[in-house]
Every structure is written in C-alpha cells, then in structure tokens.
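Visitor: I've got a two-chain model open on my screen and would like a walk through it. Could you take my questions one at a time?

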Amino acid sequence: MKGAALKLVMLGKRFTRKTTRTDALRDVNLEISEGEFLTIVGPSGCGKSTLLNLVAGLEEPTTGWVEMDGHQIRGPGADRIVVFQDAALFPWLDVKRNVEFGLRVAGVRRAERIKRVGEYLKMVQLEKFARARVHELSGGMKQRVALARALVLRPRVLLMDEPFAALDIQTREEMQSVVQDLWLRSGTTTLFVTHDVREAALLGDRIVVLSHRPGTVSAILENTAPRPRTLDNPEVMEHIRRSNEILKQEVQWSNQPKL
Amino acid sequence: MVESTQALSMKRTREPRSNRNLRHLIPMVIVAVAFVALWELIVQLHIWERYLFPGPDDVARSLLDIWNRGLLLRSIAATLVRLSVGFLISLMLGAILAFLMVHFATFGKGIQPYVLGLQTFPSIAWVPLSLIWFGFSESALLFVTIIGSLFAVSVSFADALRTVPPVYLRAARNMGTDGMDLILHVTVPAALPHLISAAKVGWSFAWRSLIGAEVIFATVGLGFLVNQGKDFLNIAQVMATMIVILVMGVLVDRWVFSRTQEWASRRRGLLPSK
C-alpha cells in the first residue's frame, strides 16, 4: 500500500499536572509528502515522542490538528503504526504470534495471516526464530520483530520513536541499513524520531530539527544524497555537521538563565 | 543466542524429573520426622492426661478410623466442593470489582479504603449475620467463604492489573485493539503472573474462612470433623483432622498455584526454561 501524505497544522501539546503545566510542543507546522522519510531530531525533552504520539492518535493535541491525506486524525488506527524505543513486544507471545497480533485484531483470515507473517519474518531475517520467546532475543532482534509487527499491517505511515537508542553501535548501524532497505522496498511514509544527528542525517529525505521545550521547528534540512546511503557520504556528513550546529545553538540558548 | 539458550536448557533437563522431586522433599521429611519425635517425647513425659494430649500413634489410629468409616473422604469432598464453588464466585466478583477499581480511578479511590478494611475484617465475624440471613445451610457456608475472600481477591487483582506496563497498552491500541479485546488479549496476559499470585492470596483467605465457618456450624466437612472431635472429647480426631487440613493447604499451594505460577513465569523467561 502506498504511503500517505501528512499535514501537521499549528500542532501543540500541553501537559497539565496538578500544579505544573508543561508545553511539550508548540505551533508545529509540517507537510510530509507521500512516501517521504522524515527524520526528527532534537534534544531530549523537546517533545519528539509527543509529536509521534499525536500523529499516532495515542494522544489528543491541545491545539491544532493532524491530517492524513486531507482527513483529520481522530484516535489511533492500524494505518499509522509506532515502533517504540523498547520494542514493546508482548512477552507472553512468541515471535510469530507477536507479528500476527495486529492481523488478528484486524480479523485477517488464518491462511492469509500465516502467509504474511512468514513473508515479513523473512524480510527481517528472523524466519528461524518464529517460535522463539521474546526474552530469548537480543535487542537488535527485538527491534526486527517490532519492525515486522509494524510492517505486516502494511501501514500507510510508519512512526519510529527512537527505535535504536538502546542498541549498541554495531547493531544500531546494522538496523539503520535494515530500515533503509525496508523503506526503499515498501515506500511507506516514515517519521523517524531520534536524538542522534548521525542517524537523522543518514536516513532522512529531510531532517527536522526541533528546539528545546516547548518543541518548535527550528530548521528543516533537505538531504538529497543518493540511496542506499552510508555515513561516509559527503552530503550526509555535511548534514551531520549542520544539524549539530543548530542543535548546539538550541542547547546553549535553552541553558541561558531566564529573566 | 537462542540456540545457545536452548542448548543450555537441554543440559538442564537431562536430570530425571522424579529424582529431583524426591531430593527436594528431603528437608520437608526431616522436619516432619523431627516434629513427630518431639511430640512423642512430650507425650512420654506424661505432663498432661493422654486423652487431652494424645500421641502420634493415637492420632494415626484416629486418622485410620475416620478413613475406614468413610468419614474422611466424605468430609474432604464436601469441603472441597464448597471451596471450589465459593472461591470461583469470589474470583469472578473480585475480578469485576478490581476492574472497576482500576478503570474508574475515582471510584477506586473512594472504595479502596473500605475494601482494604474489609480485607482485614475477620471472616468469622460474618458468621452470625450469615446464619441469620441464610440459616444453617450450604448457602451460609458459601456466603462466609465468598465474603471472607472477596476483598482480598479484589485488592490483589487490582494491584496485579496496575502492574501492566502502559507501553503494552499503547502498542496494542496503536494496532487497533480496544475495549474488551484490550482487556482479554493484553491486560490479562500481561498481568498473568501477578494475577496467579493474587488468586493464591485469595484461595488462602477462602480456605480459612470456610474451615472456620465449618467448625462453627457445618454438619459435614473437615471443620465439622474438628468440632465433632471436640464434642466427643476425641482430641485424637481433632488433631488428625487438623493435620489433614494442613496437608491439603500445602498440596493446593504446591500443585495448583506454585505450578501455574512457575509455568507463567517460565513462559516469559522470569525463570530458567526447562
């Protein structure tokens, strides 16, 4: 299925707890085209995850709205699937059943489920581990299962919330190329949130740099480096340098004493 | 990585199961033998009259006697039927109450202190009310069993439900799960090990309540056997039945709850796999 176009309009989120109010996100306007790979990078606490949750419909915006192909998003749906930082696989199910979960919910017939689960497990090279339990998998394998569980639903938008932040550097780089390959094959619109500028510059067609809390868009960088990319591509390296610069200014600015 | 885990666990299973079971029973047997020896020793000191403080041999004879008369089996059956029915009802009502307490936070906050109070409330104190409402009947015994365990079940079920990591619920909602599906396919399996512990707590409350009530007013059952022994000044029967009650408690705990708990934990790697 083709990726969807997204439009974020004046999007803002404020969390209210008893006495404190936190503006996580303010006035974010973004247009993401069909099949685009957009990376969102920013310092921790800049509302990156909140932005994904709003697109996923897991949270309600305080201001503004999100449109998918011109229709306003109301609540969660299997057309927008999140891959969480800690994979969030269900430990009471084996790998196969984890990948199958969303299909069961959607009421897909058994024969079709088996076929698709097999296909996507193969795609992430885990067909041998279909019967393994979640606790038997390494961190990278868990994220592969999470990817398969997301992609098997053929979502129109894939939302990745710092999916590789907890992985060691080798596994992370391997997973980055897995994601790039899968995206090149599937053409799903992808929003990839990370605090790692290298990852952002490597993967994104565009790189959105968010400011410190409240998160607003401070820069959007176009990245036209040919794919599949590697970190030593000169354009990728240039984007790493520029995003780092912008982020540094952000952090300095936010560390100024406020009057 | 999976292969190596499996290889390890293969090695572990090589040891025959029956051997292992017998070996871990040894300390328990030693304690039982020591206890009986000490008991016999005290009896030999002739501090109390034998009919007030019978020896192990008297109790064993009494046990054989109630067994031969078919009294023991009938009593166990009656008690177990009441326990199963009462405990099942208590589990169902407790699950509903726990769900309401967790799902409707305000309701939960309002009712929690009372439920906690009722949990510690001695179940025997329900007996007079139960007798007035239901008479000397099975219903009265069931009522005490249910009311004596319901609140413990609710509190521990509610605690179990609160242990479910929110990220599982988010992931499931994200894939389009909601309502009853979310509860049955995510909340319950995610909380399962804790739910089993909760049921275990609940069963011990139900067991104590039932035996207590049986001692006071049943006409058949293990509690009744204890009380009958007292009425006929047959202390050996009192003790024999008490031992049966103790052993049954151990067996249910080991065979029903510890087994299921182990199974649930093993499945998600909280224990080494077999």
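Visitor: What pattern does chain B follow, read along the sequence?
Guide: Keep in mind that this is a predicted model. Chain B has 11 helices and zero strands. Read from one end of the sequence to the other, then, the pattern of chain B is α-α-α-α-α-α-α-α-α-α-α.

Visitor: And how many helices and strands are there in chain A?
Guide: Chain B is built with zero strands, but chain A does have strands. The count for chain A comes to seven helices and 10 strands.

Visitor: Back in chain B, are α9(B) and α10(B) parallel, perpendicular or oblique to each other?
Guide: Helix α9 of chain B covers residues 179–217 and helix α10 of chain B covers residues 222–231, and their axes lie 7 Å apart. They pack at an angle of about 40 degrees. Roughly parallel needs an angle under 35 degrees and roughly perpendicular needs 65 to 115, so α9(B) and α10(B) are oblique.

Visitor: Is that crossing of α9(B) and α10(B) left-handed or right-handed, and which class of residue in the contact has six members?
Guide: The crossing of α9(B) and α10(B) is right-handed. On the α9(B) side the contact uses I211(B), G212(B), A213(B), E214(B) and V215(B), while α10(B) brings L222(B), G223(B), F224(B), V226(B) and N227(B). Sorted by class, these contact residues include three polar and one charged, and the class with six is nonpolar.

Visitor: How is α3(B) placed against α11(B), parallel or perpendicular?
Guide: Helix α3 of chain B (residues 56–68) and helix α11 of chain B (residues 235–267) have axes that come within 8 Å. Those axes cross at roughly 80 degrees. An angle of 65 to 115 counts as roughly perpendicular, so α3(B) against α11(B) is roughly perpendicular.

Visitor: Which residues of α11(B) make that contact with α3(B)?
Guide: From α3(B) come D58(B), V59(B), R61(B), S62(B), L63(B) and I66(B). Taken over both helices, the contact has six nonpolar, two polar and two charged residues. The partners on α11(B) are A236(B), Q237(B), M239(B) and A240(B).

Visitor: I clicked on L64(B); is it buried or exposed?
Guide: L64(B) sits in helix α3 of chain B. L64(B) has 12 C-beta neighbours inside 10 Å, and 12 or fewer is the cut-off, so L64(B) counts as exposed.

Visitor: What share of the residues in chain B is buried?
Guide: The C-alpha trace of chain B spans about 70 × 55 × 30 Å along its principal axes. Chain B has 274 residues, and the buried share is 31%.

Visitor: Where the chains meet, which element of chain A gives the most to the side that touches chain B?
Guide: The contact takes 24 residues from chain A and 19 residues from chain B. On the chain A side, the elements giving two or more residues are β6 (80–83) and α2 (95–105). With three residues, the one that gives the most is α2(A).

Methods:
Residues are numbered from 1 along each chain as its sequence is written. Chains are lettered from A and ligands numbered from 1 in the order in which they are written. This is a predicted model: local features need pLDDT of at least 70, side-chain atom pairs count only at pLDDT 80 or more; totals for chains, interfaces and linings use all residues. Axes are lines fitted to C-alpha atoms, for helices over the stretch in contact, and angles run from 0 to 180 degrees between N-to-C directions. Helices (H or I, at least four residues) and strands (E, at least two) are DSSP runs, numbered from the N terminus. Angles under 35 degrees count as roughly parallel, over 145 as roughly antiparallel, 65 to 115 as roughly perpendicular and the rest as oblique. A crossing is left-handed if the near helix is turned anticlockwise from the far one by less than a right angle, and right-handed if clockwise. Two residues are in contact if their C-beta atoms, placed from the backbone, lie within 7 Å. Ala, Val, Leu, Ile, Met, Phe, Trp, Tyr, Cys and Pro count as nonpolar, Asp, Glu, Lys and Arg as charged, and the others, Gly among them, as polar. A residue is buried if 20 or more other C-beta atoms lie within 10 Å of its own, exposed if 12 or fewer, and partly exposed in between; C-beta atoms are placed from the backbone.
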